[in-house]
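Have the structure open while you read them.

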Amino acid sequence: MVRACSNVFLILACVMSQSAWAELPQAAIQQTFYPYAAGTPFVNKLAPGTTISKDSWEAAKDYLPPEILDKVQAGELAFAVQETTNLPVSEEYIQATKQYAGQVKLGADGELEGYVSGLPFPVLNIQDQQAGLKAAWNLRHRDFGDVMQVWNTFRLVTESGSAEREIENYYVVAYGMHRPYVNGANPNKWEHDGILYKEFYHILAPFDLKNSMSIKIRYVRDRLNDDNWLYSPASRKIRKMIIKQDEASYDSGFLNEDFLGYWGYVRACHWKFLGTRRLLAPVGAKVSNTTFGGRGNWYPVDPWELREMIVLECTPTALGHMYSKRALYVDQQMFVPVYVLFYDQDGKHQKTLFELYGNPKFNPGNEHIRVPVWIGETMIDYEEKLGSMTVMAKILYNVPLPDDFFNLDRVLARGQ
Amino acid sequence: MLDRKEAGKHAFGLWLLLVRLFAFLPFCPLFFTLVVLLYHSTNGEADFTYGPISLSGNLQTQQILRHPEPEKWSIIQQRNVIRLRLEYDWIQDGQAFGYLSIPRVRRAHLVSLYRGSYDSVYDFQPGPRQEAFPYRGRLRRDGKLSDLTRGAADALRFESIFREAYSDIEFADVPLTLRLGRQMVVWGESDNLRMLDRTNALDTTWHSGGLGVETWDDLRIPYWTIKALYSFGRVGSLIDTYLETYWVPGHWVPAKIGFLPGRPWGVPTPNPFVGSPTGGNFRLLNRTVLGRRGDYTKDPGENSQIGVRIGAMTPQGLTFTFNYLYQRLSQDDGMNTTSLRGRNQRVSRAFGTVGRDRNVPVEIARANTQLLANGILPAEAYYPYVHTLGVSASYADSTYTEGVWRMEMIYEFGKPFADKRKPIFILDEHDAVIPSGFLGVKKSDAWQAFIGLDRPTWIRALNRRTTFFVTSQLFWQYIPEGTSRFQGQISPTDKVRNWEVVGTLAASTVYMRGTLLPLAFIVIDPINYYSSQLTWIVDYYVTPSLIVRLAQSYFFVPGFGGQVDEGWGLGGLYRRRDETVLRVTYQF
């Protein structure tokens with residue numbers, strides 16, 4: 001009898017819980033996407049125009065993670081403060097969040113259930129044991145637009161500022177699932193195959209790597225591994241590859257899963273939500289191309305601003321992983337990591353990654369885009385004394401590509 | 001700032017100028033200088049991009065030192081190469097050169113790759129005498145570079161050629177891409193095994209001493225070709241289905257061969273055609289030339305090569321192709337076939353008989369002998385058409401083996417083998433009938449296949465940041481005919497076997513922030529005394545533009561000192577060709 005009552009109670013509790021989620025307060029969602037609607041954050045000693053440097057770091061001590069503050073104190077980095085920029089993602093994405101977030105939940109296997117589009121879990125509660133995992137899913141389904149095309153140069157830069165390797169790229173990521181409808185059109189062309197997104201990567205220079213190409217398919221089910229193909233001009237063949245997410249890409253500072261803050265499998269970490277903070281971050285720069293400076297020219301030195309941030313910890317599940325943990329500082333409004341701190345197996349701060357998103361109004365061709373507009377990235381490896389940097393030449397969002405753009409035979413046709 | 005139309009005109013003009021320039025420009029050091037100056041006059045970009053046109057390339061110098069014994073080193077190659085690659089988007093969004101409307105064409109892209117080389121070893125002509133297979137000490141030392149006449153050295157010293165010059169044309173309304181022009185067609189899944197990758201024959205005068213020193217990109221002979229690729233997209237449950245076909249309309253040539261002493265890095269044998277009684281080299285019947293052409297004209301009617309393949313991916317992730325090729329056999333796939341067909345001369349009178357060789361027509365032997373006296377061998381270069389059916393596939397097993405499985409196999413119909421039962425007879429000085437050494441041909445089908453596994457593998461004790469890419473291949477071939485009547489091509493003792501097997505194992509990784517790239521591999525032939533090749537290569541990027549390569553190849557037959565007749569180019573054929581390579585490349 002007691003057991004039966006207990007079961008009834010559990011069912012009721014579940015129903016109530018479902019009901020509570022279904023009635024996610026729209027105001028809370030609105031607050032997630034428009035945290036500065038009531039006014040931009042203001043701190044007296046961090047007024048726009050303030051310079052933060054080794055000689056004037058005190059004002060920032062509560063607004064920077066200690067690991068970054070250390071670098072400021074050491075004179076490695078200095079920047080000015082600017083007023084916080086309102087950078088909302090697309091209205092369709094926000095509306096989809098409001099419409100569907102209430103039905104999203106985590107399955108027993110940690111996969112998403114009931115997800116349609118938008119941010120899966122717009123409201124995170126630090127009391128929720130699964131908040132970290134939910135935030136990881138938010139990262140997976142952040143609004144990057146339907147298609148992003150980037151022309152950039154990837155540089156490995158030593159402390160002296162000289163480039164050890166330099167690779168010019170054309171990179172495309174296109175989503176084919178869980179994108180909100182725009183003007184009634186369904187952009188989700190890969191639902192049938194369960195493909196969340198596809199990536200195309202084409203090396204434009206130097207000569208020895210020129211016309212190397214790769215295709216990656218990321219499946220919507222996190223338990224499925226990516227499919228990767230590589231076209232090598234040396235062999236003139238396209239070859240299926242298994243890419244280890246936890247290895248350094250070309251022995252640079254980046255592991256394959258490090259790009260864009262975190263680009264690996266959700267299952268590859270134990271996720272922990274550490275709460276929210278108001279922090280200074282290199283966001284909203286009024287440039288289309290990040291200005292790098294400081295030690296080794298590794299640091300983003302365009303003005304930083306106060307942002308509402310979510311702090312997320314990722315402890316890798318793989319044995320022998322290079323990191324003991326990562327701390328991701330995720331911009332609440334755009335839900336993109338803007339800096340990530342990496343710790344080695346001894347718990348020592350080993351690397352810092354800055355992912356840089358600018359103010360679209362200052363990005364020619366993207367002035368009216370409402371997605372996080374990427375303007376560069378830099379991974380600083382203190383152990384190796386190396387900066388691994390992506391320097392932008394051009395970026396395009398939501399420009400449609402031919403349907404067969406990612407087909408393997410298209411890669412063959414382009415292969416030289 | 002030029003507008004797009006202007007840029008298009010300028011780019012087209014520049015391309016025409018370059019084509020003309022390279023077609024007639026004698027290769028000279030001044031040209032290197034110009035290119036270097038041009039580089040330094042720019043702002044340091046990795047290549048030159050000028051609107052829709054881009055120019056990139058490299059300058060390379062390579063020294064090969066041969067050391068058959070630890071204390072015996074000699075330089076055998078000092079090659080200086082320039083490669084220039086011009087790419088030009090001459091049609092973009094249906095507009096040619098920025099101003100001419102081309103309906104139904106979405107994009108056209110021109111690629112032109114020039115290669116010029118200067119083998120300076122022909123200038124200083126170092127010794128010592130070169131050793132030829134089967135490496136029997138002084139008895140088999142066949143010439144040295146200084147034996148070359150000035151004319152012969154001049155003929156070999158330079159190369160100046162547009163290796164590739166083609167345009168891709170992508171149509172707007174149909175999912176069709178054409179590639180028209182001089183190009184290479186590379187199919188299949190294997191690394192350095194010539195199964196489906198057989199469209200373009202190899203130029204072994206560039207290098208033939210073992211795998212790895214040169215890329216096959218530099219070895220393949222490009223042909224003027226029409227290639228088409230049609231995308232079907234999804235067909236039933238199959239994904240990315242496509243059909244690709246090509247036609248080489250007459251320009252095809254077989255594998256090119258270079259002999260000692262002129263090509264110390266070529267096949268390890270002296271020119272077998274020397275010593276004609278009429279002076280110079282012996283010729284072959286029907287004006288055929290070994291390594292150049294058989295008894296056909298180089299026109300579409302007699303020398304077309306075609307191939308077609310269908311490829312797709314299954315929903316389970318298995319990618320596959322089905323292939324059919326109808327080509328002349330280029331004699332570079334490692335199989336012990338022959339490209340020299342002995343031909344008895346026709347005689348009009350009744351046959352006679354002589355001695356024990358009751359069936360041998362002495363008149364034919366006499367006619368063959370007369371032919372030799374005229375400086376013509378009773379044989380012809382023979383490159384027959386062969387039908388080839390093939391399949392290739394790959395599958396990533398990320399659960400159990402955590403690797404990618406690859407396979408490829410072909411079945412060929414009617415490959416030519418030298419037939420010991422079809423000797424070509426001549427008369428000796430006593431008018432006795434004796435075998436000439438040339439043999440007629442018998443055809444047989446052949447099956448070749450390989451299975452391979454690629455696996456990124458953590459060996460953290462050696463590299464804690466990057467995996468080792470380990471790739472292995474097991475190759476085999478089978479000749480269903482009885483092979484006892486077949487004669488191998490390596491030597492008179494060379495047997496053609498029904499089964500041959502070769503295994504390869506390679507590992508590579510990345511160190512020092514992508515600036516140090518080591519690779520090592522071993523190739524083993526277990527059928528022929530475990531004849532092997534072991535090679536290591538290290539590329540070091542001094543700067544992003546300056547690359548130094550150090551490599552060594554060792555050829556050995558473990559525990560066996562005798563002659564090993566094998567056609568794979570391992571420890572048997574190249575036993576005394578251990579080499580060290582130093583290469584410096586400057587790329588832009």
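1. Start in chain B, with two strands lying side by side: β12(B), residues 319-328, pairs with β15(B) in the antiparallel sense, over 10 bridges. To see one end of that pairing, pick B:Arg328, whose bridge partner in β15(B) is B:Tyr385. Bear in mind that this is a predicted model.

2. β15(B) also has β16(B), residues 403-427, as an antiparallel partner, this time over 11 bridges. A handy pair to click on here is B:Val391 and its bridge partner in β16(B), B:Met409.

3. Now follow the chain from β15(B) into β16(B): the two make a hairpin, with 5 residues between them. In that turn, have a look at B:Glu402, which has a positive phi of about 50°.

4. Which side chains of β15(B) are buried? Those on one face: B:Val386, B:Thr388, B:Gly390, B:Ser392, B:Ser394 and B:Ala396.

5. Last, the place where the chains meet. The contact takes 37 residues from chain A and 46 residues from chain B. On the chain A side, β6 (163-175), β10 (237-241) and α6 (408-414) each supply at least two residues. The largest share of that side comes from β6(A), with 5 residues. Sorted by class, the chain A side has 16 charged, 15 nonpolar and 6 polar residues.

Definitions and conventions. Residues numbered from 1 in each chain as written. Chains lettered and ligands numbered in written order. Predicted model: local features only at pLDDT ≥ 70, side-chain atom pairs only at ≥ 80, totals over all residues. Contact = placed C-beta atoms within 7 Å. Helix = DSSP H or I, 4+ residues; strand = E, 2+ residues; numbered from the N terminus. Nonpolar A, V, L, I, M, F, W, Y, C, P; charged D, E, K, R; others polar. Buried ≥ 20, exposed ≤ 12 C-beta atoms within 10 Å, placed from the backbone. Pairing = 2+ DSSP bridges.
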